[in-house]
Amino acid sequence: MILGFVLSLYTCVSNDVIQTLGTFLSSNQNRPFWVLWIFSGTVLVLTFVLGWYFNDGDMAFGRLDKIPFAGAFCWYHVLPPIVIILLTRKGIPVSTTFLILSVFSSNTVIGLMLAKSFLGYVLAFISSFILYLIIVRPVEKVFLYTKDRKPSKRWIAAKWGATAFLWSQWLMQDAANLFVYLPRRLDFWQMLLSMLAFVALLGVVCYKRGGEIQSILKLKTNTQDIRSATIIDCVYACILMYFQHVNNVPMSTTWVFIGLLAGREVAMYNRIRFETEKKVYKHVAKDFLKALVGLFVSIMVVLLINYSDEIYYLLDYYFNL
């Protein structure tokens with residue numbers, strides 16, 4: 001249980017940091033990592049401590065109501081986070097929700113998570129596409145031509161505020177992936193130890209500036225500009241906040257974020273033609289394909305675990321033949 005919790009903490013943060021702290025790390029490369037660590041760690045602690053207090057010890061914000069506590073843990077319960085670590089090193093944005101939570105969920109809950117996640121991708125794509133069609137020329141085009149200028153203090157403050165807003169929304173949405181290994185109600189000391197582990201691993205990610213998965217974000221147009229990054233964070237945070245009020249079924253924030261970036265890239269190409277059509281749609285298709293690969297691997301791992309007995313008996317039968 002403890003090993004699974006620690007591995008899931010690291011995999012969720014290192015794999016999903018591109019969605020939440022990615023633009024923050026990219027646009028603050030000149031700042032010491034410990035400054036970014038203290039800031040993000042403070043938001044993390046406040047979010048979970050307040051959630052723990054107001055939700056009677058529930059660190060998952062109700063996202064695990066349909067997923068019971070395992071009670072007894074086996075070797076295969078720690079297999080999903082290990083797979084995520086391997087995929088993350090290859091830069092593949094695998095959904096931690098599908099891979100980790102599916103091991104503990106019924107087929108009905110898995111279907112609901114898949115449906116909600118695909119809906120999140122479509123909604124994020126459409127929303128960002130429409131928004132950026134409107135603001136590309138009066139806003140983003142100006143950012144592109146003035147990206148070498150030093151940002152004003154107002155934009156710096158707005159970026160840090162947007163990061164805090166997004167980081168807290170993501171933590172509330174993905175809390176199920178983090179705490180599925182622990183009892184559904186934690187006492188004070190359990191909460192404190194889990195927070196200390198979380199903050200320590202977050203420091204590692206801030207020190208690495210996001211790791212291998214960060215390359216997906218860096219390929220997108222002008223995402224390292226603090227002004228563009230602020231807009232991305234605000235849009236993404238609003239979409240996550242909307243889905244929090246739809247229902248308490250967990251969803252893949254990875255799919256939502258990839259959909260948001262895809263809609264942004266297509267809209268920017270159609271308005272200002274900053275790159276060739278082939279290159280733009282190649283990036284969009286490549287990101288979507290990586291997400292599909294991550295989903296396929298997730299499904300294969302879950303099937304292997306859930307039907308391990310049947311597979312064993314089948315192999316044993318043919319082996320004896």
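A salt bridge here is a side-chain nitrogen of Lys or Arg within 4 Å of a carboxyl oxygen of Asp or Glu. The model is predicted, so local features need pLDDT of at least 70 and side-chain atom pairs count only at pLDDT 80 or more, while totals for chains, interfaces and linings use all residues. Residues are numbered from 1 along each chain as its sequence is written, and side-chain values use heavy atoms, leaving out hydrogens and water.

By this rule there are two salt bridges:

| Glu265 | Arg264 | 3.4 Å |

Asp233 sits in helix α10 (residues 226-244) and Lys159 in helix α7 (residues 153-179), so their pairing ties together parts 74 residues apart in sequence. Helices are DSSP runs of H or I with at least four residues, numbered from the N terminus. Both Asp233 and Lys159 are buried, meaning under 20% relative accessible area with a 1.4 Å probe, protein chains only. Glu265 counts as buried at 1% relative accessibility, and Arg264 does at 0%.

Now for the nonpolar core, a set of buried Ala, Val, Leu, Ile, Met, Phe, Trp, Tyr and Cys residues joined through side-chain atoms within 4.5 Å. The largest one has 84 residues, of which Phe48, Phe179 and Phe198 touch the most other members. Its largest share, 11 residues, comes from helix α11 (residues 253-272). Of the 20 residues of α11, 18 are buried, so the helix is largely enclosed by the rest of the structure.

Beyond four places in sequence, the contacts of Phe179 include Phe5, Phe48 and Met59, where contact means heavy atoms within 4.5 Å.

Technical notes: Buried means under 20% relative accessible area, exposed over 50%, partly exposed in between (1.4 Å probe, protein chains only). Helices (H or I, at least four residues) and strands (E, at least two) are DSSP runs, numbered from the N terminus.
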